[in-house]
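User: I'd like to go through a structure with you. Can we start with the strands?

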Amino acid sequence: MHVTMIDNPERKRTIAREVLLDLPEWFGIPESAEEYIRESGNMPFFAAIEGADVLGFMALKETSPYACEIYVTGVKKRVHRCGAGRAMFSVFEEYARARGYHFVQVKTVAPGHYPEYDATVAFYRGVGFLPLEIFPALWDENNPCMVLVKTL
């Protein structure tokens, strides 16, 4: 497996669609998934690839001159916990540091609501993120938004 930066916007959207459709537990709201797919085509984009098989992707969004965000990321279910997410984050982090960002943030559903998102939070904690704040109604009351941050 290797992680590569993808430049072609349509290729980015194709990869994002392929991965997100494999993850309905996380991306089951079609309108939201389509927005992630559309917008990620315009962002720095990293893909984990093994042979001709896409394993996952991660897109970077600038939120200020000092901070960036993992806008959207996903790893196909069959390769969860096999290192693709960590490998992509390592390349993402190196890219962000090289561009002068000091912080990276990510938003996800707060723990205690869905087992899938509890695993997501555990992943982010495992790569060094710390919880910053929970916004109970940013998305909706059933999906409280947790912001995690990491110093680069």
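**Strands, core and cysteines**

Analyst: Met 5 has Phe 46 in β2 as its bridge partner. Strands here are DSSP runs of E with at least two residues, helices are runs of H or I with at least four, and both are numbered from the N terminus. This is a predicted model, where local features need pLDDT of at least 70, side-chain atom pairs count only at pLDDT 80 or more, and totals for chains, interfaces and linings use all residues. Residues are numbered from 1 along each chain as its sequence is written, and side-chain values use heavy atoms, leaving out hydrogens and water.

User: How many bridges join β1 to β2?

Analyst: Five, and the two strands run antiparallel. Two strands pair if DSSP finds at least two bridges between them.

User: And which residue stands opposite Ala 48?

Analyst: Gly 56, in β3. β2 and β3 form a hairpin with two residues between them.

User: New topic. Which element gives the largest share of the largest nonpolar core?

Analyst: That core has 25 residues, and α4 supplies six, the largest share. A nonpolar core is a set of buried Ala, Val, Leu, Ile, Met, Phe, Trp, Tyr and Cys residues joined through side-chain atoms within 4.5 Å. Buried means under 20% relative accessible area, exposed over 50%, and partly exposed in between, with a 1.4 Å probe and protein chains only.

User: Is Cys 68 buried or exposed?

Analyst: Buried, at 0% relative accessible area.
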